[in-house]
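Take a moment to look over the model before reading on. Let your eye follow the chains, and then we will walk through them together.

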There are 2 protein chains.
Amino acid sequence: MKYCSKCGAVVEQRIPPGDNRHRYVCNACHTIHYENPRIIAGCLPVYHNQVLLCRRAIEPRYGLWTLPAGFMENGESTEQAALRETLEEANATVMIRSLYTVTSILHVDQVQMIYLAELPTPSFSSSEESLEVRLFNEEDIPWDKLAFPTIKNALKFYFHDRKTGQFPLRHIALSLGNEGELCSEMGTHQ
Amino acid sequence: MKYCSKCGAVVEQRIPPGDNRHRYVCNACHTIHYENPRIIAGCLPVYHNQVLLCRRAIEPRYGLWTLPAGFMENGESTEQAALRETLEEANATVMIRSLYTVTSILHVDQVQMIYLAELPTPSFSSSEESLEVRLFNEEDIPWDKLAFPTIKNALKFYFHDRKTGQFPLRHIALSLGNEGELCSEMGTHQ
């Protein structure tokens, strides 16, 4: 950030009065431009024993497999965002069952919320954002072709929890050093 | 938003190619400036049968009671944000037990996440952000002097759930029309 989006003057980084962090502050109109994490909302759609994955038609990770998920927009709820992304990316209408993973991805300032969802009928198709959409049995999951560690985590939790039928909320914090690993903060609180 | 924060040129609202929403787009460098909801993270600290509330020393809602909560910052997890806010606003160090409420507040583009937390010792004090910090029994909660509907909801859920000892995650969506009411999306998924 170099310029004030409100008045066009140059901004500089400084700690505003009463604050303890550097912010972009406008030299002219004194607006403080806060920057905060963004929410990624999505679904883990399940049809019988299979999960729905999408092969990305967009960067980053073009051609790799993912769960339908994307940036939450202003004016919607987290659930609406998850349902919308599932519809946009997989042309699938699902029913949300529960919030399943909340992952703080520290190095990119994102919080990913994945909902466990039921796909009532095997109705889905590719889209502008997905080259291919299909259902996978556990043994067919393309583990080495998944787009993001957060997706791998969600799927691992799912196949683990499915054995017991209990799907507790999972809290995960990922940072650059442990991007590929489940980290120590992982797990449930209760 | 009037100017591009990257190059200082004028922005205009239009739908970028491949998108379906109006965004602020720079006329000169073509940067798309996305705007997304922000996360408020906080705690509902419990000490024996009492809950900890803070009386706000800042606007909005100066002088009204609230749970310690505030904007999540870049570079931290949702739990770290909740713990930091509790420390900053109430000088209290708590232990998080579980994620308790997730409230999408549609008309202000915020998602509030409140964690149920244990205050191990009755150690807390006022701060730059709180005129007063104290423990309340259920019968002493200042219901008509609470700062936000989300705080009222969280406290109502807590006193309701305490009877059973089960504290399931609550999903709530608030919009301008139902700001003061628990809305129809309220409740648990499971």
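Predicted model: local features only at pLDDT ≥ 70, side-chain atom pairs only at ≥ 80, totals over all residues.

Let us begin with chain A. Its domain assignment gives domain 1, residues 1-35, and domain 2, residues 38-178. The centres of domain 1 and domain 2 of chain A, taken over C-alpha atoms, are separated by 36 Å.

Now look for a sheet in chain A. Strands of a sheet pair through backbone hydrogen bonds, either parallel or antiparallel. Here you can find an open sheet of 3 strands in the order β1-β2-β3 of chain A, and the pairing is antiparallel. Its edge strands are β1 (11-14) and β3 (32-33) of chain A, each of which pairs on one side only. Between β1(A) and β2 (residues 23-26) of chain A, the antiparallel pairing runs over 4 bridges. To see one bridge up close, find A:Glu12: its bridge partner in β2(A) is A:Val25.

Next, bring chain B into view.

How do the two copies relate? Chain B can be laid on chain A by a turn of 180° and a shift of 0.0 Å along the axis, with an RMSD of 0.0 Å. The two copies are thus related as by a two-fold rotation axis.

Finally, let us turn to the backbone. Most residues other than glycine have a negative phi, and most peptide bonds are trans. With that in mind, visit the peptide bond from A:Glu59 to A:Pro60, which is cis, with omega near -5°. A:Pro60 sits in the loop between β5 (50-56) and β6 (65-66) of chain A. In chain B, a cis peptide bond joins B:Glu59 and B:Pro60, with omega about -5°.

A:His30 is not a glycine, yet its phi is positive, near 65°. A:His30 lies in the loop between β2 and β3 of chain A, and this residue is exposed, with 12 other C-beta atoms within 10 Å. B:Asp109 also has a positive phi, about 55°, although it is not a glycine. B:Asp109 is partly exposed, with 16 other C-beta atoms within 10 Å.

How values were computed. Residues numbered from 1 in each chain as written. Chains lettered and ligands numbered in written order. Pairing = 2+ DSSP bridges. Helix = DSSP H or I, 4+ residues; strand = E, 2+ residues; numbered from the N terminus. Least-squares fit on C-alpha atoms with pLDDT ≥ 70 in both. Domains from an automatic or database assignment. Buried ≥ 20, exposed ≤ 12 C-beta atoms within 10 Å, placed from the backbone.
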